[in-house]
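User: Hello! I am new to this structure and would like to learn how to read it. Could you walk me through some features?

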Amino acid sequence: MTVDALAAGAVAVVTKPQQNLKHELASVEQQLLQAVRTAAQSSPALFSVPPKTMAKADAANNRHWDMVLIGTSTGGTQAIELILAGLTSACPGIVIVQHMPAAFTGAFAERLHNLYQVQVVEAKTGERVTNGKVIIAPGGRQLTIQQDRQGYYTEVTLAPPVNRHCPSVDVMFRSASVFKSAKIAAFLLTGMGSDGAKGLLALRQANSVTFVQNEKSAIVYGMPKEGLKLGAAEYEIDLSAVANVIVGDATAAVKL
């Protein structure tokens, strides 16, 4: 029910305390207030067109990225569905950090796997980044990208929140910024706050190709805006064009 609600446009999920109600009520109060503030700044009408109606992007011009990295938060569940609706199993490997509680990332990955042509899995340590696979960072864990002789893979660890988030977009982006010869496309999409902005800058400085979502297509423009302010993005992109860039159509983005 939670994953369906997020896919339908819910900006947050606040769960009812199961025990020690008096002690937990203050925490729930803050979560609820934050959810209302987030909702007040969102533009949910952007997603009136169901993802399944989108045309598939042409994979013939695949630029052969070594990997594609995506960071997102509020509004991201719908954004990710719109992107995956435009991809086929010929797409490069994709790793996604979506801010989401631990109990829901597995169900979210399963939902996406059942809906679209790509393979979608929840990340675990040793998960290979390969063509046609989309890897979702697990809630409550930090995800990094590692490399060995066989290629790139994910590492998942119990670690403290960064920018109040676990998983954190910054953690994933920074981990990939050490691969200076890799062909990486990194996207910072809709979400509250600034998580991912500094990591995106690190990727740009490491010669990755970096993108922020434009304000017009973002449900919440916080994270892309912070990336733009830092000079972390080489390109600005409408959400509807992300799938095209992933499969190699660089004309779909606006150079900054």
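Analyst: Gladly! Let us begin with a term: a contact means heavy atoms within 4.5 Å. One more thing to keep in mind is that this is a predicted model.

User: What does the confidence score say here, and how is it read?

Analyst: pLDDT is the predictor's confidence in each residue, from 0 to 100. The protein averages a pLDDT of 87, and 89% of the residues score at least 70. Over residues 48-62, however, the pLDDT is below 50, though this stretch has 30 contacts in the model beyond near neighbours in sequence.

User: How many helices and strands are there?

Analyst: The secondary structure comes to 8 helices and 11 strands. Of the 256 residues, 53% count as buried. Among contacts between residues at least 6 apart in sequence, 71% join residues at least 24 apart.

User: Is helix α5 mostly covered or mostly open, and what covers its buried residues?

Analyst: A residue counts as buried under 20% relative accessible area. In α5 (residues 169-176), 7 of the 8 residues are buried, among them Val 169, Met 172 and Phe 173. The cover over these buried residues includes the strands β1, β2, β6 and β8, as well as the helices α6 and α7.

User: What caps the N-terminal end of α5?

Analyst: Ser 168 does: one of its side-chain oxygens lies 3.2 Å from the backbone nitrogen of Asp 170.

User: Where does Asn 207 lie, and what is its phi?

Analyst: Asn 207 lies in the loop between α6 and β9. Its phi is near 75 degrees, a positive value, and at 60% relative accessibility Asn 207 counts as exposed.

User: How are pockets found, and what is the volume of the largest pocket?

Analyst: Rolling a probe the size of a water molecule over the atoms shows where empty space is left. The largest pocket has a volume of about 930 Å³. Of the 33 residues that line this pocket, the closest to its centre are Ala 12, Ser 73, His 99, Pro 101 and His 165. Helix α2 gives the most to the lining, with 4 residues.

Methods: Residues are numbered from 1 along each chain as its sequence is written. This is a predicted model: local features need pLDDT of at least 70, side-chain atom pairs count only at pLDDT 80 or more; totals for chains, interfaces and linings use all residues. Side-chain values use heavy atoms; hydrogens and water are left out. Buried means under 20% relative accessible area, exposed over 50%, partly exposed in between (1.4 Å probe, protein chains only). Helices (H or I, at least four residues) and strands (E, at least two) are DSSP runs, numbered from the N terminus. A polar contact is a pair of N or O atoms within 3.5 Å; within protein, one must be able to donate a hydrogen and the other to accept it, and residues adjacent in sequence count only if both atoms are side-chain atoms. On a 1 Å grid over the protein atoms alone, a cavity is a set of points where a 1.4 Å probe fits but cannot get out, and a pocket is an open set with protein on both sides within 12 Å along at least five of seven lines; lining residues have an atom within 4 Å of a point. Grid points are joined across faces, edges and corners, and a volume is the space filled by probe spheres set on the points.
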